[in-house]
Structures are given as structure tokens and as C-alpha cells.
Amino acid sequence: MYIHKAIFSKGETIQIIPTKKRQKIKSKKKMDVEKNFHMKGGHDETSYSRNSSLQKKASDMVKHITMETIQEAYTSMTPEILSIADLGCSSGPNTFSMIRDMYRTVEEAYRNTLINGSKSPELSSVSVYLNDLPTNDFNSIFKDLPDFINQEVINKNEQGHFRPSLFVAASPGSFYAPIFPSNFLHFIYSSYSLHWLSKVPPGIYDEDGKSMNKGCIYISESSPPRIIVAYSQQFRDDFSRFLHLRSQELTKGGRMVLIFLGRETPHHFDRGNSFLWNLLAQSFAVLISKGEVEEEKLNSYDVHFYAPSKEEIEEEVRKEGSFKLVRMEMFQIEREGTNNVVSYGMAVASTVRAIQESMISHHFGEHILDSLFNTYAQLLDQEMAKQEIRPITFLLVLNKI
């Protein structure tokens, strides 16, 4: 585990906010991302652990690319200790599934070097560092870890076959800040995390600290142009910083696989990820009409999310300059059939609830959750009956230059 202090660079300007304005903006600190945002922990019905099958399905669709990349990372460097980081790991079965797949892939790659008569150093161990915000449910992960390692490594040792040790550790903290020492990692993986911004873009607030995106929680058709500019700029700043930090932490020849939500066209409002946020805002509006939520509460709630386009991603990779974009895939998760017990809308609503519950509870209170997401599920089913909703996902493979 590593602890870091924030350091301002010499060229960075610091804006001094007058006392009066500082007091008005202070109210926004209650939405501090690092303190309040996390997937729903535990294993109950509304937990992320039990409502992350859509993310698992997406990562499985491109798993062959992920495994090819980690295999290439190992064979090109053949380190004695292979260090891997999973950024935005959350908790639950998806975390362990990815560790299992990566470990088996590296083990197979190592055995192939022996078969081919390579004189590479013996692979003594695979170290996996799980990263997420400090509020993540790391306790659940490490409670289940001993059984996982016993099952995957110790009990599967084959007679006459050496197997590398597997070590798993936590490295909590924002991935928009330094996490690891320089030249420490060989491979970085991040799935469904980088669409989360480091904060709600400050540019969406007026001089009194009030959101100019009233009635909306993300970019919508009614959003003023400056809202789009603010969200786009926040993504550019965050993604560029992410790339810069990871280039320092990866060793020469290191690779990254990044999977995150985006949009299909240059237009910021489409029938994809932005439309899903619009439906959630409509769900809040329904609760307002019933007197369950105050309108002012909705007007002061905005999400720290951004769905970039292919062009925006490519531009930031090029401008930052630390990585070569080897591969970029755009895909959509195929709609799952219902099991006649839960509607498709409810399945999606349950997934969104597991992700957003911490922030919504903090701002609105826990008492609205059931009503809000039941309404959301109904709106989703109604819209899906009219026309397909197409949330787009990107996969990036990047090599450190």
C-alpha cells in the first residue's frame, strides 16, 4: 500500500477564491468523489457483486484481446516477478475472474518459453495490485482471497510442473493521482472505470456555485453549450493526466488494456449512454411530481461521468505522447434475454443502482432508492419497446513508447 501527498507543480496556478464565493461553493464539497463514490459493497440483492453481469459480459466479449496483450507483455520482458494492476477493480466475482484469467494466461506463456528452450529468468511470481477508491469494499475481496488462492494455485499444482506464486495486494487511491513507484508495473488493466471523472466539472457552475444544467444530471438536449464544453474539458484533463501517470509507473515495454464507455458519434446527446442518464433524470422528475424529492435537490445534482468519442480519445493519446495506440475497438453489449422474473429494464436499473447508490443516497437520502429505480426500470422498458438503446463501449490497447 502506498500513501502519497498532493504536490503542485511550479507552473500550476492556484485561484484564490474570495471568502464570500468560497462559502457558496463550499456546499459542493459534499459531493466529493473520493469520499463518497463507490460501488455498492457486500453481497446483498442490490450489491455490485450481484449486479455486475453486464460489465462481465462486456469484458468477456474482448477477453481474448486482453489475454493476448498480457501474454505479449510477459514474453517481451520475461520478468522474474510480473506486476499487474487492475485499476478500478471494485469487488465481487468479476475481480476474481479477471485475476484467474490473467494468472492462467501468464502461466501458459511461461510454460511456452520453457518448451521453446528459452533461457529467460524463471517466473517466480505474479503480483496483482487491486486499485480503487478508499471507499471500495476491499474487505469483501480479501475475505474471499484465501479460498481463491487455495483453489486456483495451491490445490491445482500439478506433479512435475512448476507454478508461479500468486500475490494479491490492495493499492487504494484515485487513479488520477500517483499510485505506484516509477517503472514498477508490466501490465495495467482497467474495465468500466475511466468514464468516471475525477470530479464534477467545475465549469458547469455559475459564479454563485449553482449548476447551470437545471433539471439534468448529465449532458442532455436542453443543456447549455457551456455544459458540454465543461464536461469535455474535464475528460481531456483527466485522461491526459491518467496517461501521464501510468507512463511513469509502467516499465519499458509495458502495456495497458482500457475498457470504458463512450459514444458513437460526435454528437454528445444520442440514444446511448447520455440517454440512460436522461432517463434517470426523468425518474427524478417523476418523484418530484409525487412530492418525494425536492426540485432544488435535483437541480444541484450532477454526475462525474463522460462518454468520449473515438476522436477525443485518439486526440488525447496523441497529444499526451507517452503511448502508442495499438488497437481500438468499439462494441455494444448484446441485449440479454429476460428470465421471465426480472424485466430487461429492471436488470439495467439494478446495475445502475449498484453503481450510483452511494452518491444518490448521500445527496437525496436512502429513502428514495426503491421508488427511484423502480420508476427508472419502467421508463427503460417503455423506451426499449419503442427503440433500441445503444450504450457504446471502447477497448484500447496501448504500449508505452
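Is E312 buried or exposed in this predicted model? E312 is buried, with a relative accessible area of 7%. Buried means under 20% relative accessible area, exposed means over 50%, and partly exposed lies in between, with a 1.4 Å probe and protein chains only.

Some ground rules come before the tour. This is a predicted model, in which local features need pLDDT of at least 70 and side-chain atom pairs count only at pLDDT 80 or more, while totals for chains, interfaces and linings use all residues. Residues are numbered from 1 along each chain as its sequence is written, and side-chain values use heavy atoms, with hydrogens and water left out.

Start with confidence. pLDDT is the predictor's confidence in each residue, from 0 to 100. The mean pLDDT of the protein chain is 90, and 89% of its residues reach 70 or more. Residues 1-30 have a pLDDT below 50, yet beyond near neighbours in sequence this stretch has 22 contacts in the model. Contact means heavy atoms within 4.5 Å. Where pLDDT is low, the predicted coordinates should not be read in detail.

Next, the overall build. The protein chain has twelve helices and seven strands. These are DSSP runs numbered from the N terminus: helices are H or I with at least four residues, strands are E with at least two. Of the 401 residues, 53% count as buried. Among contacts with a separation of 6 or more, 84% join residues 24 or more positions apart. The accessible surface comes to about 19,200 Å², and carbon and sulfur atoms account for 51% of that. Accessible areas come from the Shrake-Rupley method with a 1.4 Å probe; for residues, only the protein chains shown count as cover.

Now the interior. A nonpolar core is a set of buried Ala, Val, Leu, Ile, Met, Phe, Trp, Tyr and Cys residues joined through side-chain atoms within 4.5 Å. The largest one has 115 residues, and L166, F239 and F242 have the most contacts inside it. Helix α11 (residues 344-364) supplies the largest share of this core, nine residues. Leaving out residues up to four places away in sequence, F242 touches L87, F175, Y176, L194, M256 and L258.

Aromatic rings come next. Rings of Phe, Tyr and Trp (its six-membered ring) pair if their centres lie within 6.5 Å; planes under 30 degrees apart count as stacked, over 60 as edge-to-face and the rest as tilted. The whole structure holds 19 aromatic pairs. In one of them, the ring centres of W196 and W277 are 6.2 Å apart and the planes stand at 80°, so the pair is edge-to-face. W196 lies in the loop between β4 and α7, and W277 lies in helix α8 (residues 273-289), so the pair ties together parts 81 residues apart in sequence. W196 is buried at 9% relative accessibility. W277 is buried too, with a relative accessible area of 9%. Both belong to one aromatic cluster, formed by F37, W196, Y218, Y231, W277 and F305.

The loop between β4 and α7 also holds V200. V200 is buried, with a relative accessible area of 11%. Neighbours within four places in sequence aside, V200 is in contact with Y205, D302, V303 and H304.

A salt bridge is a side-chain nitrogen of Lys or Arg within 4 Å of a carboxyl oxygen of Asp or Glu. The whole structure has 22 of them. One joins R236 and E312, at 3.9 Å from N to O. R236 lies in helix α7 (residues 225-249) and E312 in helix α10 (residues 310-320), so the pair ties together parts 76 residues apart in sequence. R236 also forms a salt bridge with E316, with the closest N and O atoms 3.2 Å apart. This pair links helix α10 and helix α7 across 80 residues. E316 is buried at 3% relative accessibility.

E314 and K310 bring their closest N and O atoms to 2.7 Å. They are four residues apart in the helix, so about one helical turn separates them. E314 is partly exposed at 30% relative accessibility, and K310 is partly exposed at 37%. Salt bridges that share partners join R236, R263, E312, E315, E316 and K319 into one network.

S90 has a positive phi of about 55° although it is not a glycine. S90 lies in the loop between β1 (81-87) and α5 (93-115) and is buried, with a relative accessible area of 3%. N183, also not a glycine, has a positive phi near 55°. N183 sits in the loop between β3 (165-170) and β4 (185-191).
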